[in-house]
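Q: I have a structure open and would like to go through it piece by piece. Can you take my questions as they come?

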Amino acid sequence: MSRVARAQLAVVCGFFAVLELLTRAGAIGPLTMIPPSAMAARLWTMLMDGEINAAMAQTFANVAIAFALSVGLGFAAGLTIHGLPRLRRLFDPLLASYYAVPFFVFYPLLIALFGLNRWPLVAIGLVFGAAAMVIATLNGLDRVPPVLRKLARAHGLGRAQAILLVVLPAAAPHLFTGLKLSLAYSFIGVIAGEFILSGSGLGHAIADAYDSFDNPTMYALMLFVVALAISLNAALHVWEQRMMARRSRR
Amino acid sequence: MSVRDAGERRSLRLGDAGLLLLFVVLAWQALYEAVGEVALTPPVATLANAGALLRSPVFWGHAGATASAFTASLAIGAAAGVAAGLALGFRRFSGLVAEPILTSLYTLPKVTLYPLVLLVFGLGLSAKIAFGVMHGVIPVILFTMNAVRNVDPVHLKTARALNLTALQTAATILAPAVAPEIFTGLRVGFSLTLLGVIIGEMFASQRGLGFMIINGINTHNVPTMMAVILLIVAFAVAAGTLLLVADHKLHRRR
């Protein structure tokens, strides 16, 4: 384990230790927050009893569908917009202010469109996730050195071949950033949609626990979501590092 | 480039923007025809409703509440974000330790932490401000940190060779080098802070534009909800465009 990783572990553990001390000592009242160990204990029983299995299955499936669609559609849109500079100039300011719009207010509209099922939530996840992929694709394509494109032409590659063999590998680091952000935003969109408006899923379970003053359950679920986000990020981070190391070895 | 070319390019751009707007309006109208007025009002009616809202004192009361919460969040987020980013940028090790932690926090669905914010700050203005800061501060930290890291070491060596004092180095070398990236961070933070404040108002508030939206949803007052959203989007896009233009100018000047 590297020095940096050890320090990161120390920071995270230290944070929870301080929280544990403050809540145990009564500096933070039990109505505000419960000790992290109590959150973990409650989470453990919930996972063992299978209380949140249905909610988990629903949320994960929605995030997975939204993520897959975001990456596919976002990449295609980024490729198209990049090829049309006039369109690009129009879209840049829109993309720049995109994340200021609270899209889940359109949940009622989405229900009217798709019906009361998983698709309104998937759509919210998609709307959040796709823009990140579009932006990353544009960034990646912008940074492909012109000399590589010339090289592809010199070798007489067709359009599809040039994209597959030259442009995509050259833009890969930015595309990977896009994947990461897209996953994060799909997750945020689906959970936020559930939290605010829907009647099921992990986000709704947190809102429900809050409304019924069930602090242990609420904090257990929050801990779960936080731990999930951190482990997803860590996994992607490690994967990215390995990919980068392989690229620089070549 | 001649003046005439620039003029032609601008009119071409305006024409394109007009086309895009026309496309959006048509798509919106088509969507309205498909779902009806349970969930949507058509473009022209929404514009009229928004115009009526702009003349009503009730709306300005709510808009004022949102504006003051947003300004406070942005000021706190910018100051704290730049300060933390500078500190982490200059200490390489701390920066390396903090970066993945900050990225994880950035990707967290922060809405789920809203009950915690409410329990800590109570209902009202401070909870909204805290929520806005939570959304906006992390990109500011990350961009500032990277700006400091990417300062060309040769420039710093030059400063030492010229015997500049720390203050002179900061003013003449560091500030111009990091300003464009920090501005980009603040631009991203601007959008997310606005989102955070509006979401904050949607739950635990009786005032503000977010409250008007959620109230519209809960009472099936679709026209008001749509008009408020249109005004927020218009503001966000206008401010975002201005900030983007300024951002490009700053980056080009280097």
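Q: Start with K128(B): buried or exposed?
A: K128(B) is buried, because its relative accessible area is 4%, and the cut-off for buried is under 20%. Bear in mind that this is a predicted model.

Q: Where does K128(B) sit?
A: K128(B) belongs to helix 6 of chain B.

Q: And what does K128(B) touch?
A: Leaving out residues up to four places away in sequence, K128(B) touches A65(B), A69(B), S73(B), V197(B), G200(B), E201(B), S205(B) and R207(B).

Q: Which helices supply its lining?
A: Helix 3 (57-90), helix 6 (125-149) and helix 8 of chain B each give at least two residues to the lining of the second largest cavity. By class, that lining has five nonpolar, five polar and no charged residues.

Q: How many cavities are there in the whole structure?
A: A search of the whole structure turns up two cavities of 30 Å³ or more.

Q: What lines the largest cavity?
A: The largest cavity has 13 lining residues, and those nearest its centre are Y185(A), I188(A), K110(B), H135(B) and L195(B). The elements that give two or more residues to this lining are helix 8 (159-196) of chain A and helix 8 (166-203) of chain B. Helix 8 of chain B has the largest share, three residues.

Q: What classes of residue are in that lining?
A: The lining of the largest cavity has 11 nonpolar, one polar and one charged residues.

Q: How much area do chain A and chain B bury between them?
A: About 4,500 Å², with 81% of it on carbon and sulfur atoms. On the chain A side, L90(A), A100(A) and V105(A) supply 11% of the area that chain A buries against chain B, more than any other three residues.

Q: What about chain A on its own? How many helices and strands does it have?
A: Chain A has 10 helices and zero strands. Its C-alpha atoms fill a box of roughly 70 × 55 × 30 Å along the principal axes.

Q: How much of chain A is buried?
A: Of its 250 residues, 44% count as buried. Chain A exposes about 12,400 Å², and carbon and sulfur atoms supply 69% of that area.

Q: And its contacts, how far apart in sequence are they?
A: Taking contacts in chain A between residues at least 6 apart in sequence, 72% join residues at least 24 apart.

Q: Back to chain B. Why is helix 9 described as largely enclosed?
A: Helix 9 of chain B covers residues 209-218, and eight of those 10 residues are buried, so the helix is largely enclosed by the rest of the structure.

Q: Which residues of helix 9 of chain B are buried?
A: The buried ones are L209(B), G210(B), F211(B), M212(B), I213(B), I214(B), G216(B) and I217(B).

Terms used. Residues are numbered from 1 along each chain as its sequence is written. Chains are lettered from A and ligands numbered from 1 in the order in which they are written. This is a predicted model: local features need pLDDT of at least 70, side-chain atom pairs count only at pLDDT 80 or more; totals for chains, interfaces and linings use all residues. Side-chain values use heavy atoms; hydrogens and water are left out. On a 1 Å grid over the protein atoms alone, a cavity is a set of points where a 1.4 Å probe fits but cannot get out, and a pocket is an open set with protein on both sides within 12 Å along at least five of seven lines; lining residues have an atom within 4 Å of a point. Grid points are joined across faces, edges and corners, and a volume is the space filled by probe spheres set on the points. Helices (H or I, at least four residues) and strands (E, at least two) are DSSP runs, numbered from the N terminus. Ala, Val, Leu, Ile, Met, Phe, Trp, Tyr, Cys and Pro count as nonpolar, Asp, Glu, Lys and Arg as charged, and the others, Gly among them, as polar. Buried means under 20% relative accessible area, exposed over 50%, partly exposed in between (1.4 Å probe, protein chains only). Contact means heavy atoms within 4.5 Å. Accessible areas come from the Shrake-Rupley method with a 1.4 Å probe; for residues, only the protein chains shown count as cover. Buried area is the accessible area (1.4 Å probe) that two parts lose on being put together, summed over both.
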